[in-house]
Amino acid sequence: MKPMGPIPPHFSGEDDMLLIGGCGAASLADEAGDTPLFVYDMGIVEAQVRSLRQAMPDALAIHYAMKANPHPPLLARMAGLVDGFDVASGGELALALEAGMDPAHISFAGPGKRDDELTATIHAGATLNLESEGEARRALVIGRRLGIAPKLAIRVNPDFDLKGSGMRMGGGAKPFGVDADRAAALARMVIEAGAEWRGWHIFAGSQALDPHAIIEMQAATIALAARLSEEVGAAPPLVNLGGGFGLAYFPGDRRLDIRPIGTALASVLESRADILRGSSFAIELGRWLVGEAGVYLTRVIDVKQSMGETFVVVDGGLHHQLAASGNFGTVVRRNYPIAVANRFGIEPAQEAVTVVGCLCTPIDRLGDKVALPPVAEGDLIAIFLAGAYGASASPNAFLGHPLPRQLLIG
Ligand SMILES: *Cc1c(COP(=O)(O)O)cnc(C)c1O
């Protein structure tokens with residue numbers, strides 16, 4: 001038997017049925033029409049946002065990094081919940097605008113922005129987080145052609161990273177942002193060229209579960225923003241502190257306690273350098289806001305034996321939920337929290353089972369030697385933490401199965 005990650009605390013069962021947002025998982029599958037499907041509970045997202053606002057200093061803006069989950073009905077609700085969207089492509093920019101987010105609160109970060117994406121962003125009045133000097137030059141040319149002063153922030157490749165983070169985005173040579181020692185010169189250049197300089201974007205990493213690592217990173221980010229601003233000789237309108245808040249996906253992981261982060265951030269902001277006195281501050285979170293709100297539900301097609309092992313074969317797989325198969329940015333495959341939705345809370349069987357998807361590849365494993373109650377054909381398997389980097393981050397076209405259904409509730 002291999003352990004699995006902890007089921008998030010929002011879930012319980014009634015009459016052996018997993019409840020999501022107060023509804024039974026089986027009736028949600030009926031409502032959606034078929035399996036496999038993702039269910040997103042807005043009630044959980046709202047609770048996350050509420051607890052974040054409670055913990056963080058009042059003045060801190062909360063932005064949603066929408067690549068975590070760009071499902072349009074969810075975006076429309078997010079637009080009313082958070083203070084801004086961070087987009088990573090022209091396609092996401094279009095979705096953000098359709099969702100009703102004010103372009104003044106949209107920023108676009110990401111390497112390799114094409115001219116048509118720069119044009120659409122400047123035209124909409126959203127901010128470009130510049131990734132290089134070359135991108136700055138192209139944005140200025142396009143701004144001149146459109147007769148619009150582009151809103152430009154400098155994305156800085158910081159000279160530190162987020163300790164213990166799952167995905168390093170700063171520290172060392174990176175395709176993201178401009179190295180810290182060249183960032184002030186670039187800011188001066190865009191100001192002199194007549195652009196509207198929006199400040200700094202400093203994103204040092206992702207998926208951290210240690211509050212102290214995030215506290216340290218935020219303090220270093222604010223210190224770096226102050227140092228760079230002094231070099232520029234101008235106060236930045238906005239300092240985007242990045243994110244990094246992680247989720248407890250795996251065995252032994254503990255949910256991030258955000259309260260000490262808010263307390264520490266409040267005191268760092270209080271004693272910030274004079275040049276940052278008039279600046280606004282934002283954090284941008286993806287997975288932490290929406291990840292726990294999603295459950296991937298997939299139906300058991302077959303239960304079979306091979307050489308003494310039991311394989312539970314489901315109608316979903318890594319083409320919908322790549323991350324749970326261990327093939328999205330993890331080195332060692334570990335089990336996401338998984339349950340039999342229609343036998344929720346029932347004692348596990350003696351023998352562990354392996355849950356595999358319907359793709360003809362050995363990497364399509366959703367649960368490896370997990371302890372589940374006895375499983376039968378037609379049962380519903382629930383995989384938790386499916387609200388971020390699921391449907392849109394998985395190779396949907398691989399093997400030609402249908403797209404997953406997505407159901408927003410609450
Ligand atoms: C992906 C991304 C995020 C969100 O990361 P999460 O780990 O989902 O919180 C935030 N900022 C930038 C610039 C990103 O690219």
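Predicted model: local features only at pLDDT ≥ 70, side-chain atom pairs only at ≥ 80, totals over all residues.
**Entry 1: Leu-81**

I began with Leu-81, which touches Met-42, Val-45, Glu-46, Val-49 and Arg-53, leaving out residues up to four places away in sequence. Contact here means heavy atoms within 4.5 Å. I found Leu-81 in the loop between α3 (72-79) and β6 (84-87). Helices (H or I, at least four residues) and strands (E, at least two) are DSSP runs, numbered from the N terminus. I also looked up Gly-326: from Leu-81 it is 245 residues away in sequence and 31 Å away in space, C-alpha to C-alpha.

Residues are numbered from 1 along each chain as its sequence is written, and side-chain values use heavy atoms, with hydrogens and water left out.

**Entry 2: the ligand**

Next I listed the residues around the ligand: Ala-65, Lys-67, His-201, Phe-203, Ser-206, Glu-284, Leu-285, Gly-286, Arg-287 and Tyr-389. To be listed, a residue needs a heavy atom within 4 Å of the molecule. I sorted this shell into 4 nonpolar, 3 polar and 3 charged residues.

Then I checked polar contacts (N or O pairs within 3.5 Å). A ligand nitrogen is 2.7 Å from a side-chain N or O atom of Glu-284. An oxygen atom of the ligand lies 2.9 Å from a backbone N or O atom of Gly-286. For Arg-287, a polar side-chain atom is 2.7 Å from a ligand oxygen. The protein covers 92% of the 380 Å² of accessible area that the ligand has on its own (Shrake-Rupley method, 1.4 Å probe).

I looked up Leu-52 and placed it in helix α2 (residues 42-55). Why does Leu-52 count as buried? Its relative accessible area is 0%, and buried means under 20% (1.4 Å probe, protein chains only). Beyond its sequence neighbours up to four places away, Leu-52 touches Ile-62, Phe-245, Ile-258, Ile-283, Leu-285, Trp-288 and Leu-289.

Thr-221 sits in helix α8 (residues 211-232) and is buried because its relative accessibility is 0%. Setting aside neighbours within four places, I noted its contacts with Phe-160, Ile-202 and Leu-241.

His-320 lies in the loop between β17 and β18. I have it as buried, since its relative accessibility is 1%. Its contacts, again not counting residues up to four places away in sequence, include Pro-36, Phe-38, Tyr-296 and Gly-390.

**Entry 3: aromatic rings**

I finished with the rings, and the structure holds 10 aromatic pairs (Phe, Tyr or six-membered Trp rings with centres within 6.5 Å). Tyr-249 and Phe-250 form a tilted pair, 5.7 Å centre to centre with 40 degrees between the planes; tilted is what remains after stacked (under 30 degrees) and edge-to-face (over 60). Both Tyr-249 and Phe-250 are buried.

Tyr-249 and Tyr-336 also form a tilted pair, at 5.0 Å and 35 degrees. This pair links distant parts of the chain, 87 residues apart: Tyr-249 is in the loop between β14 (238-240) and α9 (259-270), and Tyr-336 in the loop between β17 (309-314) and β18 (338-340). Both Tyr-249 and Tyr-336 are buried.

Lastly, I noted one aromatic cluster, formed by Phe-38, Tyr-40 and Tyr-296.

Notes
Polar contact = N/O pair within 3.5 Å; in protein donor to acceptor, adjacent residues only side chain to side chain. Nonpolar A, V, L, I, M, F, W, Y, C, P; charged D, E, K, R; others polar. Buried < 20%, exposed > 50% of the residue type's maximum accessible area, 1.4 Å probe, protein only.
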